[in-house]
Amino acid sequence: MPAAQSPQHLVVIGGGMVARRLVDALRSRDAAGSWSVTLLCEEPRAPYDRVALTSYFTGRHPEDLALGGQELWDDPLVTLKRGVKAEAIDRDARTVTTSTGSVIDYDALVLATGSYAAVPPVPGKDLRGAFVYRTIDDVADLRGWVEKRRNELDRPVRGAVVGGGLLGLEAAGALRALDVDTTVVEFAPRLMPLQVDDGGGEALRRLIEDLGVRVRTGTATSRIVGDRGRVSRMEFTEGPALDVDVVIFAVGVRPRDELAVAAGLEVGERGGVIVDDACATNDPAVWAIGEVANIGGRCLGLVAPGYTMAEIVADRLLGGSGTFPGADLSTKLKLLGVDVANFGDAFAQEPGGLEVVISDPVAGVYKKLVMSDDARTLRGGILVGDASAYAALRPMVGRELGGDPAAYLLPEGAGAAPAGDLPDDAAVCSCNNVTAGAIRCAVTDGGCTDLTGVKGCTKAGTSCGSCLPLVKKLVTTELEKSGVEVSSALCEHFDLSRAQLFDVVRVQGLTTFSEIIAAHGRGRGCDICKPVIGSILASLGTGHILEGERASLQDTNDHVMANLQKDGSYSVVPRIPGGEITPEGLIVIGEVAREFGLYTKITGGQRIDLFGARMDQLPAIWKRLVDNGFESGHAYGKSLRTVKSCVGSTWCRYGVQDSVGLAIALELRYRGVRSPHKLKLGVSGCARECAEARGKDVGVIATDHGWNLYVGGNGGFTPRHAQLLAEDLNTETLVRTIDRFLMYYVRTADRLQRAAAWVEDHEGGLDAIRAVVIDDSLGVAADLDAAMAVHVDAYEDEWAAVLADPEKLRRFGSFVNAPDVADDSFAYVAERGQPRPATADERAGGVLIAGTTLEVRR
């Protein structure tokens, strides 16, 4: 019997994510054991997730970032050498000499050395307190330095990040996680210049500045000044200097190709080991993958193409013929809590491109699709502020969308590419090259019955995770086709749906996020479950939204109880029930607007909106308004906004009921109700419908015999007409029915689901809802009535409560380290007799507009 042939030996130099993928891919395919592997990992730990590096600052241990389990390193054909650096390669002898002095033979060698953080040649770059942001050791050193300086100083630690790209904003997030007063300095005229265009860059800047990070674009650092060998100040080629205690350089990366150069391998003009489409170098026994590989004339700094290269080399080592298909450079990230994504021909560089853009500065979103000139085929896109459509859109690049492109950018259209319509060959997970067909097969043929099973079977969503919404939708669709019940879990931290979570919190009397996640969830929560729980707690009247831990749960506008505007200022919207206001009230609002230099406008909801308030001015403005009888209009929250009315029978010759009186009563009753989405009501005094009640979540139209009640209407991108719920109700019955409808909606709707969508999705539709709120089919009517009564009795004006609490008032300073200093960066010009934000050109030129010289106000 012939002796078993010993396996060939593969040496992999590099201990990053791509190196691990290669080892994993090779061992999973090499059933015959034809290769043994030695992985030389320079760091003292196994390969870990660099993408999640910032989470190290939120309490995670380095082991939490490890990729996969221990089983790969327990494989007898795999040897992991930690803390061992490759010093030299002898291509003739096919050996690698290591930092420990050992010489390792190889039959094949793969360079996966990655890259290093570039540091510009700035004087002072070597001072203590200057860091790069690349490894766990880098961030551990950074954290240690910040803590040391915090203990030495009697003020907040001040930090700056040089570089406003992907890595720079990650680093800024790390500093903010350490409570450092942070500034981002970017040489280009906008943040993330390689990923977003001017419009996306401006939206990103506003969102990040609103989170307390200052941004200086178009700025070059000239030197870093030290004090006793420590970083103390940054100076620039233009503009004022910046006092700092810590500086992070995040201007980019360079391929670590020094081993290849010393070994005589061919490298590119700007670095990187040149490889062909099989990832092979000019030496047939040597491959290069990941950031060190120069393929197609460039080095690729994303993990997805690196994973593809790893799979190709594994295939080639086992006799396959795989070739690199080209890089998918699409990215989706959450930087400082802000979603950013780009895909395909995002900058419309191909000829004949048509751009479809939706920019909503108030909501803080910028979305662009690049289409073919016939507006049918998707070429690429940019998403800032809301990237929920990314997972559905990216696989459609190069395909016809089959509908109005703008519909794919709307909030309701985030999943506008139905999972069931996605072609089988569409790439859903670019990191792991998983198609829609592979995911469907995992469910139908592989026996996977949930998202976790599909991830384990296909590896879809196990890397960057940006494709998980679409993967989940595909899994859900296939399971539903098979008649399998699908989970309605709120997010990865809670297995309960929003409605289930609401009931649990209500029944158990839980009052904090910590209690809720400890009892019914896991982890630390996310930007999905935190605002949902914040809304649930507010709906149940457990305390002010800015009280203690609840303040950290709120969405952007709720943090300061005002609506963020395009220039970083805020709007103030006092409640004006039913649109009825006295002359004295008008005078007060006018005086406030004049004193603080605010722009005023009558809204569609019969209120007066005051624009242009700085954050630090909000308490003073609201003090004036509250002292004169006004209260918060909740324009910033997912809550009741307005109850619009016509003048009704009081003045109108056609009116048959007092619509103004009812509108005021309803608005005062439901003010402050927190809900899954915003709520708008309308009351019309006759069938002529001047208050447009049938376009509201709840609409009331007067009849000769009482009131008709309509529900489930809304305007916006997807207008819906409300449907008749009940007719000819007297006022008492009407109010009771609205009470129950609203409470039932608040308790059972999904996250961010408008009432119209809730009515449509409710099992049994409007008829089932009517049975609950009118006929009490579920026996919950008394409970719903009691819940509304508790709300009405416990109502407290949120702004009045803030004004009475010094601790809450501390949140309203322009600068964390200088709360008494006003932000003087706002610039306005006069237009039609009122101020409006100046454009960039107007700021630069100081030109005359409408006879008024541009000036920085306040």
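How many nonpolar, polar and charged residues does the lining of the second largest pocket have? This lining has 12 nonpolar, 8 polar and 6 charged residues, where Ala, Val, Leu, Ile, Met, Phe, Trp, Tyr, Cys and Pro count as nonpolar, Asp, Glu, Lys and Arg as charged, and the others, Gly among them, as polar.

The structure is a predicted model, in which local features need pLDDT of at least 70 and side-chain atom pairs count only at pLDDT 80 or more, while totals for chains, interfaces and linings use all residues. Residues are numbered from 1 along each chain as its sequence is written, and side-chain values use heavy atoms, with hydrogens and water left out.

The second largest pocket has a volume of about 550 Å³. On a 1 Å grid over the protein atoms alone, a pocket is an open set of points where a 1.4 Å probe fits, with protein on both sides within 12 Å along at least five of seven lines; lining residues have an atom within 4 Å of a point. The volume is the space filled by probe spheres set on the points, which are joined across faces, edges and corners. Of the 26 lining residues, A538, S539, L540, G541 and H791 are the closest to the pocket centre. The largest share of the lining, 6 residues, comes from α22. Helices (H or I, at least four residues) and strands (E, at least two) are DSSP runs, numbered from the N terminus. The table gives the helices that each supply at least two residues of this lining.

| Helix | Residues |
|---|---|
| α12 | 498–508 |
| α14 | 529–539 |
| α19 | 731–748 |
| α22 | 781–794 |

The largest nonpolar core has 96 residues, of which L10, V12, I13, I289 and L369 touch the most other members. Such a core is a set of buried Ala, Val, Leu, Ile, Met, Phe, Trp, Tyr and Cys residues joined through side-chain atoms within 4.5 Å; buried means under 20% relative accessible area (1.4 Å probe, protein chains only). Helix α7 (residues 303–317) gives the most to this core, with 9 residues. Apart from it lies another core, of 56 residues, among them I516, I517, V532 and Y670.

R379 has its place in strand β26 (residues 378–384) and is buried, with a relative accessible area of 18%. Beyond its neighbours within four places in sequence, R379 is in contact (heavy atoms within 4.5 Å) with residues including F343, D345, E350 and V397.

An open sheet of 3 strands has the order β18-β20-β21, with mixed pairing. β18 (273–275) and β21 (298–299) stand at the edges, each with a single partner strand, so one side of each is left without a neighbour in the sheet. Strands pair if DSSP finds at least two bridges between them; 2 bridges join β20 (residues 293–295) to β21, and these strands run antiparallel. I295 has R298 in β21 as its bridge partner.

Key
Buried means under 20% relative accessible area, exposed over 50%, partly exposed in between (1.4 Å probe, protein chains only).
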